[in-house]
Structures are given as structure tokens and as C-alpha cells.
Amino acid sequence: MRAQFVLSEIGVGLRRNLTMTFAVVVSVALSLALFGGSLLMSDQVTTMKGYWYDKVNVSIFLCNKSDAESDPNCAKGAVTDDQKAQIKSDLDKMSVVQKVVFESQDEAYKHYKQQFGDSPLASSLTPDQMQESYRIKLKDPEKYQVIATAFDGRDGVQSVQDQKGILDNLFGLLNGMNWAARAVMALMLVVALMLIVNTVRVSAFSRRRETGIMRLVGASGFYIQAPFIMEAAVAGLIGGTVACGFLVVGRYFIIDHGLDLSHKLNLINFIGWDAVLTKLPLILATSLLMPALAAFFALRKYLKV
């Protein structure tokens, strides 16, 4: 009988405050969709870091004859065979190095033509203008500075470049966008909580006569509060369900179909469905508990039961 009463009161409360209930559902849905989206963005950045950092190389570019005439780092002339042999020997002795590949001028020219053959500059370049280089695969990409310290400024070395630095700029941008999404999410959560509190208070005020009678006949505080708390929880759960729908549809439309980024940007290792599905229970639990707790604390002060 009590359960039937509580359920009937929930229906009455939701119908009486339909507009505010709708506002609660929308605000909860948007805030939790942003919450889930920020979690997925963090997973995506982590996945991309693991994928790309495993592929980055450190490059030691060697001086050629053209550099000897124009680059202060190559003032002592083009790299000699002895210097190349010494650099290779030192690299082989370093524990942080996993693999070393030498790229000749002809190979560098061939790779440049493959990548930038349509560039106007490509037609004016010759193989002897290209730089020889050592492409170094590190066991730990974070140890780039070890290579830079050991070889930067050495005779025959024009520069030491780390591809990880380029990726760091990209990941810094992605992390900045993620934090911006979290800031908007936090603002939306505050708005949702304020709407929940106001909705519960309006509902309680509209039924103040019923709650007054219930207090007079000795009803417990929880028995009086339960319908209001569950109203907020039901509205929040609906919003959480909508937020889960946004994430599922977004993953399906943006990555798998519609925009089809998984095929158009096949160099990016996108997160899988498992990452999305593991976030859905957290979103649903948050959508249920957050409104219920907000309503509970709002009612404790408002109803004074």
C-alpha cells in the first residue's frame, strides 16, 4: 500500500511540474552527456598517446656540404665517415635506444619526392642537398633528452629533432579542449542541481497541505520525503538515459557511420565501443544519485521533518 502511495505521488508531482521536470531532464542530459564525452575524450587522448608515442622517432640530421656553407652548427664542414661511424657506435651503446636506422641522401630524396612531389620546391632539389640522418627508435619516448644531450652540438651533427614535440602540441590542444568541456559540464551540473532543488521545493509547496496532514498523523520524515526524492531521481534517470543515448549515437554517427571518421582518418586509433559501454553505468548511477541527494538535502531544510 505504501509503495503504491509513493508511486502515485511521484506521478502527480511530475505532472504538476511538467515544465520544470522537462528542464531538469534536459539540463541533466546535457551535463551528463558532456561528462561522458569528457571521459571518452580522456580515453581517446590516452589511446592516441600510446599509439603514436610508440611510433615516434628521434632524428639526428647530419651536416652536408650546403649546411657547411650556411649553418653555424656545421661550420667545421660536412660530416665525415669517421664521425658517422662514431655516432653509430655511441648510439648502439646507449641503453635507451631500441633501434637505429641510417637514411642516406638518396633515400631522403626519394622519401621527400614521395611525400612532397607536388611542391614547387621539389623540382629544384637534388639528392646532394638532402641530409643524411639516423632515425632512432627509443625504448621510452620520454627519454628524448638523453639523445639530445649526447649528440646536439657534436661535430658533423646539424640538429637533433624529436617528433614527440610535435605530438605534444596536438595533445596539449586536445587536453585543453577536454578541460573546456569539463568546465561547461560543471556549469551545467550546477544549473541542473539548482533546477532540481527549485523543482522539489515547488512540488513540496504545492502539496504543503498534504504534507502538513501527514505530519499531524505521525508519518515519518522519510515517508513524507520519499515521493519528492523519487520524483527528482526519476527525472534525473530519464535525463541520464538521454545522455547515454547521446553518447551511443555520437559514437556511432561520428566514428562508425555518418562522418565515418574511422575510415577517413585511418591514422588515428579511435576508442572502441567497450570504452563507451563502460561509461554508461557510471552516467546512469550519477543521474539517479545526484538528483536524489540534492532533493534529500533541500527537503530536510524546507519541510523541517
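Trainee: What makes a residue part of the lining of the largest pocket, and which ones lie nearest its centre?
Mentor: Lining residues have an atom within 4 Å of a pocket point; a pocket is an open set of points on a 1 Å grid over the protein atoms alone, where a 1.4 Å probe fits, with protein on both sides within 12 Å along at least five of seven lines. Here 24 residues line the largest pocket, and Gly 37, Leu 40, Met 41, Ile 254 and Ile 255 lie nearest its centre. About 620 Å³ of space lies in there. This is a predicted model, where local features need pLDDT of at least 70 and side-chain atom pairs pLDDT 80 or more, while totals for chains, interfaces and linings use all residues. Residues are numbered from 1 along each chain as its sequence is written, and side-chain values use heavy atoms, leaving out hydrogens and water.

Trainee: Which helices supply the lining?
Mentor: H2 (18-53), H7 (163-206) and H9 (221-256) each supply at least two residues, and H2 gives the most, with eight. Helices are DSSP runs of H or I with at least four residues, strands runs of E with at least two. By class, the lining has 18 nonpolar, five polar and one charged residues.

Trainee: How do you know that Cys 63 and Cys 74 form a disulfide?
Mentor: Their S to S distance is 2.0 Å, and the rule asks for cysteine sulfur atoms within 2.5 Å, so the pair counts. By that rule there is one disulfide in the count.

Trainee: Why is this disulfide called left-handed?
Mentor: Because the torsion about the S-S bond of Cys 63 and Cys 74 is about -80 degrees.

Trainee: What makes S2 and S4 the edge strands?
Mentor: The open sheet has four strands in the order S2-S3-S1-S4, paired antiparallel. Strand S2 (97-103) and strand S4 (157-162) each pair on one side only.

Trainee: How do you know that S2 pairs with S3?
Mentor: Two strands pair if DSSP finds at least two bridges between them. Six bridges join S2 to S3 (residues 133-138), so they pass that rule. As for Val 97, its bridge partner in S3 is Leu 138.

How values were computed
Points joined across faces, edges and corners; volume = space filled by probe spheres on them. Nonpolar A, V, L, I, M, F, W, Y, C, P; charged D, E, K, R; others polar.
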